[in-house]
Amino acid sequence: MRVFAIADLHLSRAFPKPMAIFGPNWEGHPEAVFEEWRKVVGEDDVVIVAGDISWAMRLPEALVDLRDLGELPGTKVLLRGNHDYWWPSISRLREVLPPRMHALQHDSLMIGGVAIAGSRGWDAPGSRDFSEEDLRIYKRELERLRLSLKTVQNQPYDHLILALHYPPYSVTGGPTGFTELIEEYRPDMVVYGHLHGADPNRLPQSWDGIPLHFVSADMIRFRPKLILETTGEERDKP
């Protein structure tokens, strides 16, 4: 089994929103999302979609985009991004998701020996214009991630992937509550998106020895990034 990751699809078929206005990296969107996905992802693969999935404001509008994603190969694992205003209660969302599509919130998912945990994340203290409301959300997202990671404890798995929408580190590349959880739970890797216009080569490539995968769609040319290929060799987990 192979696991891919991509974030920031920013689909908008119900009410099209041209993304090229945000820069040349978005040229060819959204068709490139579907073309590149089909080039690399097979039916037996898993794709983590780490937030900012649809520009829709309401679930019925977002369902058009979710169904388009559902027709693509592979099993999809969704996380909420800061622009996913359409995301309702998790129970309501799971009732209407297409087959082979899963949404994470306060929990985790086990697929073929791979545990996937995660949350949206948020800007960390020290970010520009960081407010009391930002601090409230930041603390809430930390607790949500902690709850998600706790659900994998004492369960057998070969690999643990931690997925976020926001980067886990601060704007200066320093530690945050999210990096503390990374150090505590020691996932095999972390995936995140959210950033645009950044030079991927200048972003942190790892945290405390754990690989960080930056997968914003426009920065990886819309091709889901292969982050793991399982070998079937099991490892002992605490």
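User: Over which residues does pLDDT stay under 50, and what contacts does the model have for them?

Analyst: The stretch is residues 234–238, with nine contacts (heavy atoms within 4.5 Å) beyond four places in sequence. pLDDT is the predictor's confidence in each residue, from 0 to 100; the protein chain averages 95, and 97% of the residues score at least 70. This is a predicted model, in which local features need pLDDT of at least 70 and side-chain atom pairs count only at pLDDT 80 or more, while totals for chains, interfaces and linings use all residues. Residues are numbered from 1 along each chain as its sequence is written, and side-chain values use heavy atoms, leaving out hydrogens and water.

User: What makes S5 and S9 edge strands?

Analyst: The open, mixed sheet has the order S5-S6-S7-S8-S10-S9. Strands are DSSP runs (E, at least two residues) and helices likewise (H or I, at least four), numbered from the N terminus; two strands pair if DSSP finds at least two bridges between them. S5 (108–111) and S9 (206–207) each have a single partner strand, so one side of each lacks a neighbour in the sheet.

User: Why are S5 and S6 called paired?

Analyst: Four bridges join S5 to the antiparallel S6 (residues 114–119); the definition asks for at least two, so they pair. Met110 stands opposite Ala115 in S6.

User: Which residues of H2 are buried?

Analyst: Buried means under 20% relative accessible area, exposed over 50%, partly exposed in between (1.4 Å probe, protein chains only). Among those buried in H2 are Leu59, Leu63 and Leu66; their cover includes H1 (31–40) and S3 (75–79).
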